Amino acid sequence: ARVRAQAERWIGFVEAADPGLSDTRLVYRSMAGDACDTPWAGTLLHVFNHGTHHRGQMSAVLTRFGQPAPEMDFVYFLRLQGV
């Protein structure tokens, strides 16, 4: 339920974002205090891709404890939507 709720928040963020945002850069400081400058589009791709890593971790834990893991492949959800 928490994963789905976070996904909904991301959808809202992306839908509300200025269309020109993807052509800009995200300037910030890392948790170590280093100055960073990254393209917004690449940053979003990283966040979504990194989420895949964590979903894989959840799947591994569930199956290790003998529980079924839900379908998490992106293609599965595209097929459900008829895309």
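This is a predicted model: local features need pLDDT of at least 70, side-chain atom pairs count only at pLDDT 80 or more; totals for chains, interfaces and linings use all residues.
1. Start with strands β1 and β2. Strand β1 covers residues 25-29, and strand β2 covers residues 35-39. The two run antiparallel. Five bridges join them.

2. **The hairpin.** β1 and β2 form a hairpin. Five residues lie between the two strands. Look at G33 in the turn: its phi is positive, at about 95 degrees. Then find R29, which stands opposite A35 in β2.

3. **The surface patch.** Which residues form a nonpolar patch on the surface? They are F13, V14 and F48. Together they have about 240 Å² of accessible area.

4. **A closer look at V14.** V14 sits in helix α1, which spans residues 2-16. Is V14 buried, exposed or partly exposed? Its relative accessibility is 41%. Buried means under 20%, and exposed means over 50%. V14 falls in between, so it counts as partly exposed.

5. **The largest pocket.** Now turn to the pocket. The largest one has a volume of about 1300 Å³. Its lining is made of 28 residues. Nearest its centre lie V3, R4, A7, R55 and F77. Where does the lining come from? Helices α1, α2 (40-64) and α3 (74-80) each supply at least two residues. The largest share comes from α2, with ten residues.

Notes. Residues are numbered from 1 along each chain as its sequence is written. Side-chain values use heavy atoms; hydrogens and water are left out. Two strands pair if DSSP finds at least two bridges between them. Helices (H or I, at least four residues) and strands (E, at least two) are DSSP runs, numbered from the N terminus. Patches are made of residues with over 30% relative accessible area and no salt bridge: like charges are joined within 9 Å, nonpolar side chains (Val, Leu, Ile, Met, Phe, Trp, Tyr) within 5 Å. Accessible areas come from the Shrake-Rupley method with a 1.4 Å probe; for residues, only the protein chains shown count as cover. A salt bridge is a side-chain nitrogen of Lys or Arg within 4 Å of a carboxyl oxygen of Asp or Glu. Buried means under 20% relative accessible area, exposed over 50%, partly exposed in between (1.4 Å probe, protein chains only). On a 1 Å grid over the protein atoms alone, a cavity is a set of points where a 1.4 Å probe fits but cannot get out, and a pocket is an open set with protein on both sides within 12 Å along at least five of seven lines; lining residues have an atom within 4 Å of a point. Grid points are joined across faces, edges and corners, and a volume is the space filled by probe spheres set on the points.
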